[in-house]
Amino acid sequence: MLEEYWKSIPDYTKDHPLTAFILLSTGLYHWRRGNMEGAYRTLVKAENKMLAIQEFDIRYTEDIDYGRLVQDTATAVTKLKKGEPFSGFKIHLKSKLLQQSVEEIASSMELLPVGSDAVTHKHMLRDRSDILEEREKKKRRPQ
């Protein structure tokens, strides 16, 4: 969902602050599915981007406990290095308005059960043709 929003932004680039959050969710997803190498690589990228965000754009950090999120991401990277099993974490909110919005939206959502195939294998169940096409283009580019 976040990736779709990011791609809808005119002239979006991989340098946009939202990519840190996309990488974070992707890395956690890989870890949950047991792809330790992909999770580690992706979470390290997320952590690096997260550190850069706090230096130049507070719009994406001011309503959450961003320092804690960066620390939780670093802890996840350490756990992955040690080969530990998946352990997720929450994003803690600082803004009461954002907390209210989350609670309102969450109460109207039908969430899938944790561990269901629709959650665990979500990326395999959606149309990924754009991603696969981009990978093929990247492979064909001169190094």
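This is a predicted model: local features need pLDDT of at least 70, side-chain atom pairs count only at pLDDT 80 or more; totals for chains, interfaces and linings use all residues.

Biologist: Which element gives the most residues to the largest nonpolar core?

Modeller: The largest nonpolar core has 22 residues, and F21, L24, W31, L43, M50, Y66 and L69 are the members that touch the most others. Two or more residues come from each of α2 (18–32), α3 (36–56) and α4 (66–81). The greatest contribution, eight residues, is that of α2.

Biologist: Which residues does L69 touch, leaving aside those up to four places away in sequence?

Modeller: L69 is among the core members that touch the most others. With residues up to four places away in sequence set aside, the contacts of L69 are F21, L24, M50, I64, F89 and I91.

Biologist: Is D11 buried or exposed?

Modeller: D11 is found in the loop between α1 (2–8) and α2. Although D11 is not a glycine, its phi is positive, at about 55 degrees. The relative accessibility of D11 is 75%, and exposed means over 50%. D11 is therefore exposed.

Biologist: How are the rings of W6 and Y12 arranged?

Modeller: W6 is buried, at 7% relative accessibility, whereas Y12 is partly exposed, at 36%. Their ring centres lie 4.7 Å apart. Because the ring planes stand at 70 degrees, and over 60 counts as edge-to-face, the arrangement is edge-to-face.

Biologist: Which residue caps the N-terminal end of α5?

Modeller: Helix α5 covers residues 96–108 and reaches 19 Å from its first C-alpha to its last. A side-chain oxygen of the capping residue lies 3.3 Å from the backbone nitrogen of L97. That residue is S95.

Definitions and conventions:
Residues are numbered from 1 along each chain as its sequence is written. Side-chain values use heavy atoms; hydrogens and water are left out. Helices (H or I, at least four residues) and strands (E, at least two) are DSSP runs, numbered from the N terminus. The expected span of a helix is 1.5 Å times one less than its number of residues. A polar contact is a pair of N or O atoms within 3.5 Å; within protein, one must be able to donate a hydrogen and the other to accept it, and residues adjacent in sequence count only if both atoms are side-chain atoms. A nonpolar core is a set of buried Ala, Val, Leu, Ile, Met, Phe, Trp, Tyr and Cys residues joined through side-chain atoms within 4.5 Å. Buried means under 20% relative accessible area, exposed over 50%, partly exposed in between (1.4 Å probe, protein chains only). Contact means heavy atoms within 4.5 Å. Rings of Phe, Tyr and Trp (its six-membered ring) pair if their centres lie within 6.5 Å; planes under 30 degrees apart count as stacked, over 60 as edge-to-face and the rest as tilted.
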